[in-house]
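This report walks through the chains shown below.

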Amino acid sequence: MPGALPQLLGSLVAVVAIVAVTWALGFRRAARIESHDEARELFSLAPGGFEPVAIELDRQGRAAIARDRQGRVAVLVPHGNQFVFRLLAPGSPISAEGGVLAIRALPAVKIEPEGDARVWANTDSSDNSG
Amino acid sequence: MPFDPVAYAIPVFVALILGELLWSRLRGSHQAYEWRDTGTSLAVGLGSTIAGALTGGLTAALLVWVHGFAPLSIGWVWWAWPLCFVLDDLAYYVFHRSAHRVRWFWASHVNHHSSQHYNLSTALRQSWTGFVAASFVFRLPLALAGFEPGMILACAGINLIYQFWIHTEAVERMPRWFEAVMNTPSHHRVHHAVNARYLDRNYAGVFIIWDRMFGTFAPEDTEDRIRYGLVGQLGSFNLFYVVFHEWIGIARDVWRAPWRHKLAYLWREPGWSHDDSRETSEMIRRRWKSRTPEPNSRDRPVR
C-alpha cells in the first residue's frame, strides 16, 4: 500500500514523542504506600475483597504484606505507580533474612518491615536479626 | 479499501492525549498516567492499526459476500445512515457482551482492559486478534439485512471514534439527559472497573440505552473508589504479554484439561474452571455480597 510505510514511521515517532512527554511531565514516580490506612484500602479493593487483620508495610512504602481472618496472606506488589494485589498460595515460603522479608513466589519483592520480620516468616531460613 | 474515519481521527487522538497529560500535571494527578503504561497502550494501539490494515480487506470482503444474500438492498439512501448507526451500535453491544462472557472473544478483547490506568491512552489498547477471534460475525447480520458494507464499516469506525473520549477521569458527569441516553466517561469507568459490584456492567458503545434495556447497567457510585484493570492484574508492561497472555492461557488450559472439559475453556466465561479452582465474575460478586452486612440496591443492575 503506498504511503503505508511513512504513516507507520510517523506513528512510531508520535508514540515515542508522547511517551517522552509523559516521562518529562513527571509521570514516572514509583508506587508508594503512605500509611496503614492506604494499604488497608488497597487490600480491600482486591477482587471480592480482602480484609486484613494484620498489615506490615515496607519502610519505604514500596510494598505491603497482610493476613486476613482466614489466615490468607496477600502482598501489594509495585507496578509502575500502581500496586498489584497478589494472594499467596497457602504455605508459600516467606523468609526473613537480615530483617527483610523475601517471598519465594514473588522474587522481585523485598519488604523491610518496621516491626519484627520473623512474625511473617514461615521457613527455616528465618534468622534472628529481624 | 473502504473509507476508514479512524485514520483521520488519529491526530485528534494525539492532541487530546497531550491535553489530558497537561491537565493531569497541572491538577497534580500524579497517578493519572505512567510513562511505561502509556508506551504500552500506544504500542498496542499502533499494532492494532497494523492488524486492522492486514485484515480489514477480508472483513470488507466477507460483508460484501454476505450482502449478496440479502433479500433487499437498502442502498445509500440518507435515512439508512442513522438506522445503520443505531443497529451497528446494537451489534457492538452484543459483541462486547460476548467479549466479556465468552473466553474465546475475551482473549481478543482483554488487552483493552489490561491497564490499571484509565486515561485517553487506555482507549487505544485495541485488539490485534479480533479477526482471528471472528469478532466480525457480529456485524454480518447488518449486511444480510441489506445495509451497504461500506456504510456498516463507516458506522463502525465512527462508533470507535466516539468511544475514545469516554476513557477519561477528566469528565465527571455530563448533563442528565446525555447520561440517560449516551455512553459517557462515568458509565464507561464502571465498565473498566474491577470492583465486584461493577464487574460485567455497561457494555454500551455509543448508546447506554442497550444496557438499560437488557439489565446490564450500573451507575457510578462516587463513594466507591474504582480500581481499574483486570481481576488478576497482569503486573507487566510487556507488549506481547499484554496482547497474547489470554490466548496462551487458553492453550495451556485446553492442553491440561480432561477431554470432556477442553472445549468449555473456549466458550465458557473468563474465570471458569472445571474444578472450581478459579472465580468467575458472578462468584466474585457473590462472595462480595456475602461479606456486605446490609445488602443495598446499589450493586444491582438498574434498568
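## Domains of chain A

The C-alpha centres of domain 1 and domain 2 of chain A are 36 Å apart. Domain 1 of chain A covers 1–29, and domain 2 covers 36–119. These bounds come from an automatic or database domain assignment.

The model is predicted: local features need pLDDT of at least 70, side-chain atom pairs count only at pLDDT 80 or more, and totals for chains, interfaces and linings use all residues. Residues are numbered from 1 along each chain as its sequence is written, chains are lettered from A and ligands numbered from 1 in the order in which they are written, and side-chain values use heavy atoms, with hydrogens and water left out.

## Annotated spans

UniProt, in an unreviewed entry, marks residues 6–26 of chain A as "transmembrane region". UniProt positions follow the numbering used here, feature names are shortened, and annotations may be inferred rather than shown by experiment. Residues 6–26 of chain A are 90% helix and 0% strand, with end C-alpha atoms 31 Å apart. Helices (H or I, at least four residues) and strands (E, at least two) are DSSP runs, numbered from the N terminus.

In chain B, the UniProt annotation "transmembrane region" (unreviewed entry) covers residues 6–23, 44–70 and 76–95. Residues 44–70 of chain B are 89% helix and 0% strand, and their end C-alpha atoms are 36 Å apart. Residues 76–95 of chain B are 80% helix and 0% strand, with 25 Å between the end C-alpha atoms. UniProt also lists "domain: Fatty acid hydroxylase" (unreviewed entry) at residues 82–216 of chain B. That span of chain B is 50% helix and 0% strand, and its end C-alpha atoms are 24 Å apart.

## Helix α6 of chain B

Helix α6 of chain B runs over residues 149–164. Its 16 residues reach 23 Å from first C-alpha to last, close to the 22 Å expected at 1.5 Å a residue. The expected span is 1.5 Å times one less than the number of residues.

How many residues of α6(B) are buried? Twelve of the 16 are, and the helix is mostly covered. Buried means under 20% relative accessible area, exposed over 50%, and partly exposed in between (1.4 Å probe, protein chains only). Among the buried residues of α6(B) are Met151(B), Cys155(B), Asn159(B) and Tyr162(B). The buried residues pack against α1 (5–27), α2, α3 (80–101), α5 (140–144) and α7 (176–181) of chain B. Contact means heavy atoms within 4.5 Å.

## Helix α10 of chain B

Helix α10 of chain B spans residues 239–256. It has 18 residues and reaches 26 Å, close to the 26 Å expected. α10(B) bends by about 50° at His245(B). The bend is the angle between axes fitted to the seven residues ending there and the seven starting there.

His245(B) is one of the buried residues of α10(B), as are Glu246(B), Trp247(B) and Asp253(B). The cover over the buried residues of α10(B) includes α2 (35–67), α4 (103–109) and α11 (264–267) of chain B.

## Cysteines

How many disulfides are there over all chains? The count is zero. A disulfide is a pair of cysteine sulfur atoms within 2.5 Å. The sulfur of Cys84(B) has its closest cysteine sulfur in Cys155(B), at 3.8 Å, so the pair is too far apart for a bond. Cys84(B) is buried at 0% relative accessible area, and Cys155(B) is buried at 1%.

## Local backbone and single residues

Most residues other than glycine have a negative phi. Asp200(B) has a positive phi of about 55°, and phi of Asn202(B) is near 55°. Asp200(B) sits in the loop between α8 (185–192) and α9 (209–214) of chain B. Asn202(B) is also in the loop between α8 and α9. Asp200(B) is buried at 15% relative accessible area; Asn202(B) is buried at 0%.

Arg287(B) lies in helix α12 (residues 281–291) of chain B. It is partly exposed, at 22% relative accessibility. Arg287(B) and Ala196(B) are 91 residues apart in sequence, yet 8.7 Å apart C-alpha to C-alpha.

Ala74(A) is in strand β3 (residues 73–79) of chain A. It is buried at 0% relative accessibility. Not counting residues up to four places away in sequence, Ala74(A) touches residues including Phe43(A), Phe50(A), Ala64(A) and Leu88(A). Ala74(A) and Ala64(A) are ten residues apart in sequence and 8.4 Å apart C-alpha to C-alpha.
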